[in-house]
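User: I'm new to this one and would like a close look at a single part of it. Could you pick a spot and walk me through what sits there?

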Amino acid sequence: HCSWPCVEYSAANTNTAKSPPVNINRIFSQFVGLIRELQPKVFTGENVDGMTQGAKRPFFNQALREILSLGNYTFKYKVINSVYYGVPQSRRRLIIIGKRLDVAPNTPIEFPEPNIEGAEKLRMKDVLPNIKFFTGGQFKSKVKHNSHHMCTIMAGDNVLVREDGKWRKLTIEEAKLLMGFPEDFKFPARSRAVNMRILGNAVPPPMMKAVMETV
């Protein structure tokens, strides 16, 4: 599995089209090189859905051409939202699944089925009812009521929540819950900023669990 750096591909980054992410693309090329060398039965990749849109699309097309160059693999890609896979947060991510042509040749590549009903029980009021309003996250500057799903948590620690009539930042424990991390997960850093960056850059565990179980 590869989750190559996503900052350059984010729709929030308007500079990528002017300055192609050469180093980032090189990391993806190394990923493809490992597949070519190791010949795994299956592989998966993950990144922000922004790389499939607008000025970022050429870089995604190049990534697809590199996978096609392997020759003996088939693959599919799809943008899925973590909220449909047990994560109390609306977080759209691009998932790539590939397999060798000799592996289960008559079985198509599939993605996990979204749990629509389950998502209805993962709104902010369901998971953190003490929070009445929130704002921040990716492209979400408007104040939202807790009847909505939490917006995308970013690495910049810019989510604000309103509790008891006062605005404050998310706690680490709240962010961990909203990202789908288990309660007993221990963060490596003492710094809040570093740990929030880890959370904001992470792939929600329940979402990837659903993908890997499907694989």
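Analyst: Let's start with a polar contact, that is, a pair of N or O atoms within 3.5 Å; within protein, one must be able to donate a hydrogen and the other to accept it, and residues adjacent in sequence count only if both atoms are side-chain atoms. Here, a polar atom of the T135 side chain lies 3.4 Å from the backbone oxygen of K142. Bear in mind that this is a predicted model, where local features need pLDDT of at least 70, side-chain atom pairs count only at pLDDT 80 or more, and totals for chains, interfaces and linings use all residues. Residues are numbered from 1 along each chain as its sequence is written, and side-chain values use heavy atoms, with hydrogens and water left out.

T135 belongs to strand β4, residues 133-135 (strands are DSSP runs of E, at least two residues, and helices are runs of H or I, at least four, numbered from the N terminus). With a relative accessible area of 12%, T135 is buried (under 20%; exposed is over 50%, partly exposed in between, with a 1.4 Å probe and protein chains only).

Now for V143, which sits in the loop between β4 and β5 (144-145). Together with F133, L160 and W167, V143 forms a nonpolar patch on the surface, and the four share about 340 Å² of accessible area. Such patches take residues with over 30% relative accessible area and no salt bridge, joining nonpolar side chains (Val, Leu, Ile, Met, Phe, Trp, Tyr) within 5 Å and like charges within 9 Å. A salt bridge is a side-chain nitrogen of Lys or Arg within 4 Å of a carboxyl oxygen of Asp or Glu. The areas themselves come from the Shrake-Rupley method with a 1.4 Å probe, and for residues only the protein chains shown count as cover.
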